[in-house]
Amino acid sequence: MRVLLVEDDALLGDGIRAGLKLADYAVDWVRDGEAARLALLDHDYDACVLDLGLPKKDGLAVLRDLRAHGATVPVLVLTARDTAADKIAGLDAGADDYLTKPFDLGELQARIRALLRRAKGAAQPTLGHGKLVLDPAGRSVTLAGESVRLSAREYALLHDLLSHRNQVRTRAQLEESLYAWGEEAESNTVEVYIHHLRKKLGSELIETVRGFGYRIGGGT
Ligand code: CA
């Protein structure tokens, strides 16, 4: 899962990015509204954490532009503007959730998990297929009730595939989801992680759709 963080406060941004990386999200961090606009045009993010008071372009303007272009990326507004009128303006501009500073990092993470699952049309907090269960809150994976240990990238790859169950994910899409700026993938890393996941979870789980990519679950 790839998240865009838009925050001009260096200390706060650093803390949020570290917290999100611990949850195995790939995080791109920009510090002004114009950079946010460009990043959102360039990449398919799974979620965006957006400060409102930003240099160059206000967060609300970024949000209005984004929605005017039909973008559906879930947006959580994170700001010191805490009046009811501010919250109403943020939500009406197209935000999906609103958190005021100061906030608890655990709450931010839980709200992002909720946004991600709602964006995929799911209400239940875990993802699964057959006897496999992935719990984003605990960052844990079990197979037939047995805990399975995965590396950060293996976990992130499985999370992506389960979030797009029954859909083919191309290697490019998987790389986008796994790597933030500055941590570009080597050429065959997706294949390597798929291989590891098959060894740990069984060869049947992830299907190779030749010429297209990978899929968990049959096509619909
Ligand atoms: Ca700010």
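## Pockets of the predicted model

The lining of the second largest pocket divides into 8 nonpolar, 6 polar and 4 charged residues (nonpolar: Ala, Val, Leu, Ile, Met, Phe, Trp, Tyr, Cys and Pro; charged: Asp, Glu, Lys and Arg; polar: the others, Gly among them). This is a predicted model, in which local features need pLDDT of at least 70 and side-chain atom pairs pLDDT 80 or more, while totals for chains, interfaces and linings use all residues. Residues are numbered from 1 along each chain as its sequence is written, and side-chain values use heavy atoms, without hydrogens and water.

A pocket is an open set of points on a 1 Å grid over the protein atoms alone, where a 1.4 Å probe fits, with protein on both sides within 12 Å along at least five of seven lines; lining residues have an atom within 4 Å of a point. Volume is the space filled by probe spheres set on the points, which are joined across faces, edges and corners.

| Pocket | Volume |
|---|---|
| Largest pocket | about 470 Å³ |
| Second largest pocket | about 320 Å³ |

Of the 18 residues lining the second largest pocket, Ala122, Thr126, Leu127, Leu162 and Ser163 lie nearest its centre. Helix 5 (105–119), strand 6 (127–129) and helix 6 (152–163) each give two or more residues to this lining (helices are DSSP runs of H or I, at least four residues, and strands of E, at least two, numbered from the N terminus). Domain 1 (2–119) and domain 2 (127–216) each supply at least three of the lining residues; the domain bounds come from an automatic or database assignment.

The largest pocket lies between the two domains, because both give residues to its lining. Helix 7 (residues 171–178) contributes the largest share, 3 residues. By class, the lining has 7 nonpolar, 5 polar and 6 charged residues.
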